[in-house]
Protein chains: 4
Amino acid sequence: MEAIFEATLQVLSSDGLIRFNTTRVARRAGVSVGTLYQYFPNKQALLFAVLERHLVMLAEAIEKACDENRHAAVEMLAEAVVKAYLRVQMAQAELSPALYRISLELDARELTELATRRSAKAIATSLSTAGDGDFSDPRLVAETLTAALYGTVPAFCHRVLSEANGVEAQKQLTMMFQSYIRAQKAHVSQPE
Amino acid sequence: MEAIFEATLQVLSSDGLIRFNTTRVARRAGVSVGTLYQYFPNKQALLFAVLERHLVMLAEAIEKACDENRHAAVEMLAEAVVKAYLRVQMAQAELSPALYRISLELDARELTELATRRSAKAIATSLSTAGDGDFSDPRLVAETLTAALYGTVPAFCHRVLSEANGVEAQKQLTMMFQSYIRAQKAHVSQPE
Amino acid sequence: MEAIFEATLQVLSSDGLIRFNTTRVARRAGVSVGTLYQYFPNKQALLFAVLERHLVMLAEAIEKACDENRHAAVEMLAEAVVKAYLRVQMAQAELSPALYRISLELDARELTELATRRSAKAIATSLSTAGDGDFSDPRLVAETLTAALYGTVPAFCHRVLSEANGVEAQKQLTMMFQSYIRAQKAHVSQPE
Amino acid sequence: MEAIFEATLQVLSSDGLIRFNTTRVARRAGVSVGTLYQYFPNKQALLFAVLERHLVMLAEAIEKACDENRHAAVEMLAEAVVKAYLRVQMAQAELSPALYRISLELDARELTELATRRSAKAIATSLSTAGDGDFSDPRLVAETLTAALYGTVPAFCHRVLSEANGVEAQKQLTMMFQSYIRAQKAHVSQPE
DNA sequence: GATGAATGAGTGTTCATTCAT
DNA sequence: GATGAATGAACACTCATTCAT
C-alpha cells in the first residue's frame, strides 16, 4: 500500500501524467495490477491521493505559520506564510507539474477548494488578530494572498526556482505580500 | 485550415482536453481527419497552435500596455498591465482550464517561456523609462510581476472570478502590484 | 461489415458465448478490432444483431405460414406454423444455444418480446379467419402456442433433434398443436 | 457449506449470472474465498450445485405426481404433472433466468439430460399403467410432454406468468397435454 | 481448517495515425 | 488535395484461483 503510493509519486515525477498508467505504477511498486486495485478503486483515486496529500501538507504548513504568528506584526506573518508554502512546494518540486495537471481535472476542484479555503481562513484569522492589523476586509485580503500564493509560486517553480534562485523568489514574494498588506492597512485609515 | 483551428477551440471549450480528439475536431470543422493531418502534423501541433495564439495575445496585450505607458507613472503602468492581461484572459475564460493543461505538458514549456519572457522584457523596459522609476533591478521586479500575473490570475479565475466579482480581483491585483513596485522604489533610496 | 457479422456467427457457434469476445471476432473476420468497432458500437450490439436477425427470421417465417393458411383449416395452419418454425431453427441449430443465452440477458427481452408478439398476432389473426375456426379467445390460444413453440423447440433441439429425428419431433409437435386447437374449439360450443 | 449454497442462491437471484462471482458469494455467505474453494473446486461447481438441486426438485416432483396417478385416468395424470412442475418452478421464479443461463452452458447438458430422462421415464411408466392408457409408443409421448414442459414453461414464465395469470397458463398447458394425450390414444385404435 | 492478500491473464474500448482510392 | 476506412498499440479494470500464514 505504501509501496504503491510511493510508486505513484515516482511514476508521476519521472514519466509525467500522460505516461502515468496503472500498469506502470504496479510494476514500479513491485506488485500486480490486481493488488493495486485492492487498495485504490481506480486510477483517479491514485492521483487524488497524491494531490490530496500535497494540498493537505500545504494547508497545514500555512496554518502552522499563521498560528505561530497570530499576534505578531503582519510583516512577520507575510514572511512566515511565504516561507512555509515554499518549503513544502520545493520539497516536491519535480512533482508539481503533474500535481497541477491533476488539479485541473474537473473533479479535483473540491480538493483544491478545501486547501485554499483552509489557508485563506487561517490567514484571515491571523490578519484580524495581528498586533498591528486593522483591515476593513481581512477575508478579501486573505483570499487575494492565497490566490497569489497558490497561483504565483508554481509559475515561479518552472521558470525561476528551477534555476536555483529560489531564495530570491522568496524574498520578492515576501516583499510583494508585505507591501500589499501595508497598503491595505492604509486604506482603512483613509478610505477611498 | 482556419475552420480546423476554430473547431479546435470549440472542441476544447465544450468538451475539455480529455475528450479532445482529432476525429471530433475534424468532424466539427466539417473536414476529414486526413485533411486535418495535412495542415497539422499531429494532435500536439493542434493544441500548441491554440496555446501559442493565446500566449501571443497575452504577450502582445502586455507589450501594448507597456508601450502606451512608457513614460507614465509606475502606478499607471501597473494598472494598465493588469487590466490588459485580464481583458484577454477573461475573453476566453472557458478555454483557460484546457489551455493550462496544455501548458503543463512538458514540451509546451518553450512556448510559455517565450510569452513570459516577452512580457517581462516589456515590463522591465517600461519600469526603466518610467517617469518616477528608479529600480536597482528592474528585470527582477518585472519577472516577479510577470510570474504573479501569469500565475495568480488563473487561480483567481477558477475561484473568485467565476463568482462574478472579477472587478474586485482586478482592483486587488492592481493594488498588490502598485504597492510592490512602490516598495521596490523605496529600496533603492534606502538599501537594506 | 458482412464479414464481421459472419465471423460473429462463427465464433458464437464454435466457441460459445463465454469464449465470445471482440478480439476473436475481429481476428476471425480478418479485420482489426478498430474496424469492428466502426461498425458495431460495442460487444452487445454485435450479439443483438445476431439475435435480432434470428428472431426476425422466425417471426417472418411464422407470419408467412399464417398468411398462406389464412382461410385453411386450423389443422393445416398448425402444421404449417410448426414446420416453418422448425425449418428456420434447424438451419442454425449449432447457433441456438448461444442465441438462447443472449436472449436471457435482461436487455434482450424487448427483442424477444417483439418477435413473439408478432408471431402471436399472426397466429391469432389466422385462427380468427380460419375456415373452421370459432374460438372464444383466439389471442390466448395463439399466445399459448407461441410460448410452446419458442419454448419447447429449443428443448427438443438439444436432446431430440440433435439425434437426427427431427422429423418425429415435428410430427409430435404438430399433433400436440392440432389437438390443443381442436380442444379449444370444442370449448366454445360447450362452455365450461 | 450450507451457508455458501444459500449465498449462491441469493447472489444469483439478486445480481444475476453476469454479476455472479466467487468473491461476492463468499462475502454474502460470511466466509472467505478460501473457504468457499474448500467446498467447491471452482465457480462452475457452485453453479452446477444450484442447477442440480433445482432439476432434482423438478424431477422428483414429477415422479411423485406420476406415482400418485399410476392407475388414474391419463387426464388426471396430465393435470397432476403440469401442476407439480409449475409449483416447483414458480417457487423459485426469480432464480429461473439465471438457472436457464447455467443450463445452456455446454457442460451442464448432462445434468439437464438426467432430469428430463428421469421425468420422461416416470411419465412413460404412468402412461403405460394408466387405467385408460393404450399407447403405441408411450416413450415418445412422454418425451414430447417432457420437452414441452421443460421448454414451454420458462417461456411462459417471462411473459405470461409474470403478469400474474399463472393460473390461466396452467389451465392452457393442462388442456394442451390432455388433448395431445387423447389424440395419441386415438392413433392406436385407428393407425394412420 | 480458515483466511484474504496477491496474482495476472483476459476483455472491452479508444484514438492517433496511415494510406489506398 | 481530400477522404475516411482501417489499423493496432495502449489502457483501465475484473475476477477465478492460489497459497503463505
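**Exercise 1.** In this predicted model, determine how helix H4 (residues 43–68) of chain A and helix H6 (residues 96–104) of chain A are oriented towards each other, given that they pack at an angle of about 110 degrees with their axes 10 Å apart.

*Solution.* Step 1: an angle from 65 to 115 degrees counts as roughly perpendicular. Step 2: H4(A) is therefore roughly perpendicular to H6(A). Step 3: identify the residues that meet. H4(A) supplies A:Leu47, A:Phe48, A:Val50, A:Leu51 and A:His54, while H6(A) supplies A:Leu99, A:Ile102 and A:Ser103. Step 4: sort them by class. The contact of H4(A) with H6(A) has 6 nonpolar residues, 2 polar and no charged.

**Exercise 2.** Determine the relative orientation of helix H4 (residues 43–68) of chain B and helix H7 (residues 109–129) of chain B, whose axes cross at roughly 0 degrees and come within 9 Å.

*Solution.* Step 1: angles under 35 degrees count as roughly parallel. Step 2: H4(B) is therefore roughly parallel to H7(B). Step 3: locate the contact. Residues of H4(B) that take part include B:Phe48, B:Leu55 and B:Glu63, and those of H7(B) include B:Leu111, B:Arg118 and B:Ile123. Step 4: the classes in the contact of H4(B) with H7(B) are 11 nonpolar, 3 polar and 5 charged residues.

**Exercise 3.** Describe the interface between domain 1 (1–40) and domain 2 (48–189) of chain A.

*Solution.* Domain 1 of chain A contributes 8 residues to the contact and domain 2 of chain A contributes 9 residues. Step 2: consider the area. The two domains of chain A bury about 830 Å² between them, with 76% of it on carbon and sulfur atoms.

Notes
Residues numbered from 1 in each chain as written. Chains lettered and ligands numbered in written order. Predicted model: local features only at pLDDT ≥ 70, side-chain atom pairs only at ≥ 80, totals over all residues. Heavy atoms only, no water. Axes fitted to C-alpha atoms, helices over the stretch in contact; angles between N-to-C directions. Helix = DSSP H or I, 4+ residues; strand = E, 2+ residues; numbered from the N terminus. Parallel < 35°, antiparallel > 145°, perpendicular 65-115°, else oblique. Contact = heavy atoms within 4.5 Å. Nonpolar A, V, L, I, M, F, W, Y, C, P; charged D, E, K, R; others polar. Buried area = accessible area lost by both parts, 1.4 Å probe.
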